[in-house]
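Biologist: Could you walk me through this one step by step? I am new to reading structures.

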Amino acid sequence: MDEKIIQIEGLSFTYPDGHRALNNISLTVNRGESVAFIGPNGAGKSTLLLHLNGILRSPNGAVKVLGHPVAENYLRLIRSKVGLVFQDPEDQLFSPTVFDDVAFGPINMGCPEAEIRQRVNQALQQVQMGGYEKRSPHHLSVGEKKRIAIATVLSMNPEVLVLDEPTSNLDPRGRWELIELLRGLPLTKLIATHDLEMVRNLCERTILLDRGRIVADGPTPAILTDKLLLAEHGLAPPIVGQA
Amino acid sequence: MNAIPFGMYVPGDSILHRLDPRVKMGATLLLMVLPFAVHGLAGHIVLSTFLLALVLIAGVSLSDLGRTLRTVFWIAFLMFFLYLFTTPGEPLVAVGRIAVTRQGVLSAGIQIYRLCLLVISASLLTFTTSPVQLAHGLEAMLFPLERIRLPVRELAMVLTIALRFVPTLQEEIDKIAKAQRARGVDLSAGGPLRRARNLVPIFVPVFVSAFRRADELAMAMDARGFRGAAHRTHMRKLYLGLQDLLAALVVLGLALVTIWLK
């Protein structure tokens with residue numbers, strides 16, 4: 001089970017405006033792990049996620065997925081193996097029907113028609129949205145949109161699921177349903193979030209980022225019980241008496 | 001804000017809804033020409049009866065039809081008086097040098113009747129065909145132009161995505177307008193110039209957010225392996241069925257009969 005699925009070695013990234021979002025990040029994720037990225041806004045969580053799918057690329061091959069550097073000639077493979085779900089489902093669902101949206105990835109991969117139908121079916125089953133094929137994504141609830149957004153990457157048969165703030169904007173019930181759903185998916189998961197309760201329930205490992213650096217990386221219970229550490233990085237109420 | 005004037009799509013399951021969009025577009029074109037090609041009372045009666053029957057089959061309510069016809073009211077109004085006063089012939093009423101002639105009344109009536117048929121034919125298409133189907137039909141009809149390197153599939157995709165985001169954008173405008181009103185912007189105050197200026201605090205945030213959306217959408221498409229339409233599986237093929245063939249024959253037959261009738 002200890003297959004290294006994502007390896008990052010000394011990744012730094014500076015946005016064109018000079019903002020240094022990532023600073024010498026190194027980490028390894030094994031197959032089947034469920035890893036949370038936590039940290040204040042602007043810590044670099046989203047920027048890091050965008051590197052995993054090759055939307056952003058580091059020139060020196062600092063990021064490897066399944067042993068392949070995230071570079072031009074492996075992009076097709078990597079994009080089918082790493083499913084990236086953005087925070088706002090409204091921005092990713094752009095097709096007239098749920099079916100078209102979920103089929104978009106497999107169609108881009110050039111799958112034959114029968115396989116596309118089978119993949120769409122399976123992906124919708126996985127997020128418990130079977131029967132929604134003909135609905136318009138625009139008219140679904142936020143929770144339903146989130147699930148469809150997840151289905152749109154599941155249909156590409158990924159090995160890694162990367163999620164940016166999956167529980168934001170959901171009501172408590174929708175949130176718990178989503179957490180349960182994610183728990184049931186047998187994939188490697190990387191989740192950027194502020195939702196520490198979800199982290200506690202879903203991820204066995206937590207990485208704390210702040211100002212583009214990894215501050216802590218370890219088992220979730222250890223990190224989430226370290227009040228001092230959390231307070232220092234703005235994730236818990238400040239501790240009285242601390243400067 | 002939701003009133004799309006010219007024949008909005010009315011979802012339904014009539015035979016007209018189920019026809020291939022290409023057949024419908026072709027038939028509509030023909031039906032729009034016919035009121036001008038037919039030159040006999042009998043032909044016109046057949047033609048308008050046929051159109052009325054289509055309206056009934058499509059399940060379009062008369063009030064919807066009326067609303068569509070109202071959009072051309074002012075054009076019809078103008079046309080009516082132009083024809084009424086400028087057609088030379090045997091005068092019915094004359095005031096000074098301006099005369100209303102018998103021919104004038106007749107041709108004004110005929111022109112308005114033609115305009116109405118035109119509008120009804122065109123809106124039958126949009127009433128029974130969703131914008132997305134229209135885009136697919138257009139894509140299929142223009143497909144031969146790919147040979148001369150016109151990116152038809154990309155264009156159709158752009159069209160479908162644009163259509164998909166119309167309601168989203170509308171909601172956003174609504175939300176931002178509310179937010180600005182909550183901060184005291186009075187949208188209806190002042191003259192036309194002032195009112196136009198009042199829209200600035202709405203359109204700036206709308207544009208900003210539309211660009212952000214477009215950016216994120218592009219990333220999401222990239223992340224799902226989009227590399228241009230050429231690499232994609234052809235999924236939605238349109239097939240001409242028996243009913244499409246029959247419909248085409250019926251409309252062609254109607255054209256021949258109405259033109260032949262004197």
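**A residue, then an interface**

Modeller: Apart from neighbours within four places in sequence, B:Asp64 is in contact (heavy atoms within 4.5 Å) with B:Val10 and B:Phe127. This is a predicted model, where local features need pLDDT of at least 70, side-chain atom pairs count only at pLDDT 80 or more, and totals for chains, interfaces and linings use all residues. Residues are numbered from 1 along each chain as its sequence is written, chains are lettered from A and ligands numbered from 1 in the order in which they are written, and side-chain values use heavy atoms, leaving out hydrogens and water.

Biologist: Is B:Asp64 buried or exposed?

Modeller: Buried means under 20% relative accessible area, exposed over 50%, and partly exposed in between (1.4 Å probe, protein chains only). B:Asp64 has a relative accessible area of 18%, so B:Asp64 is buried.

Biologist: How much area is buried between chain B and chain A?

Modeller: Buried area is the accessible area (1.4 Å probe) that two parts lose on being put together, summed over both. The contact takes 29 residues from chain B and 32 residues from chain A. Carbon and sulfur atoms give 56% of the buried area, which is about 2,800 Å².

Biologist: How many salt bridges are there between chain B and chain A?

Modeller: A salt bridge is a side-chain nitrogen of Lys or Arg within 4 Å of a carboxyl oxygen of Asp or Glu. The side chains of B:Arg213 and A:Asp91 meet in one, at 2.6 Å, N to O. Between chain B and chain A, the count of salt bridges is five.
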